[in-house]
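Thanks for coming, everyone. Let's look at the salt bridges in today's structure. Here it is.

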Amino acid sequence: MDTMFDTLLQLPLLQGLASEDFTSILEKVKLHFVKLKAGETIARANTPCNELIFLLNGDVSVTTTSADGLYSLTEFARAPYLIEPQSLFGIRTNYTAKYVATTEVNSVRVSKTAVTGYLLKYEIFRLNYLNIASSQSQSLHSKLWDQPSPTPLEGRIRLFILSHLRRPEGMKLLKIKMEDLATIVNDTRNNVSKVLNDMQDRGLLELHRGEIAIPAAEHLLL
């Protein structure tokens, strides 16, 4: 089987699918192959999610912005990667983040019609979809209920960052003004500045004008 198909079968929704079933899918489902250059937008936040987008190779940035626009968080992902399968169904069927290629990216797109009319007929595909939806729900529940409620300021800053992450690992970029962060964690700007500088001295983050770079988010885990 072609390397491209092997890559597709590594994606969460297709893992475990038999080769003959996948071959049958390829015969009946139209796949749209799209190549993007670095800097091109793959999907925009608050626009309708009406297709599954599979990234076969390359790297992307994922930027989520708060509803009030006061801060945004950028994470990074590498193919094989599936963009927001949970946004295809439900009450809100818009993308929640902006996805931009940071290298050349090859992608495959499958329409929602093809998903509902054909792919969901396969038990493995249905189970994989349910597992993704369940994992999303369980992760959200864990963030709300399983995390400690830290009193020290540094703990509150860590919790604020961690609670907004899609994946608590790797490089992250948080764009936020110091005074806005101070308001969110209910402390003074001066105290927040002192704690952030101390965290920077310990290598947990890097401070830039209007931005906090987190080299390895896993080091922030409480």
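First, the term: a salt bridge is a side-chain nitrogen of Lys or Arg within 4 Å of a carboxyl oxygen of Asp or Glu. Now the ground rules. This is a predicted model: local features need pLDDT of at least 70, side-chain atom pairs count only at pLDDT 80 or more, and totals for chains, interfaces and linings use all residues. Residues are numbered from 1 along each chain as its sequence is written, and side-chain values use heavy atoms, with hydrogens and water left out.

How many salt bridges does the structure hold? There are 11. Take Glu51 and Arg109: their closest N and O atoms are 3.1 Å apart. Glu51 sits in strand β3 and Arg109 in strand β8, 58 residues apart. Strands here are DSSP runs (E, at least two residues), and helices are too (H or I, at least four), numbered from the N terminus. Both Glu51 and Arg109 are buried. Buried means under 20% relative accessible area, exposed over 50%, partly exposed in between (1.4 Å probe, protein chains only).

Next, Asp59 pairs with Arg78 at 2.8 Å, N to O. Asp59 lies in strand β4 and Arg78 in strand β5, so the pair ties together parts 19 residues apart in sequence. Arg78 is exposed, at 62%.

Then Lys172 and Glu75, 2.6 Å between the closest N and O atoms. Lys172 is in strand β9 and Glu75 in strand β5, so this pair ties together parts 97 residues apart in sequence. Both Lys172 and Glu75 are buried.

Last, a network: shared partners join Glu154, Arg158, Asp198 and Arg202 through salt bridges.
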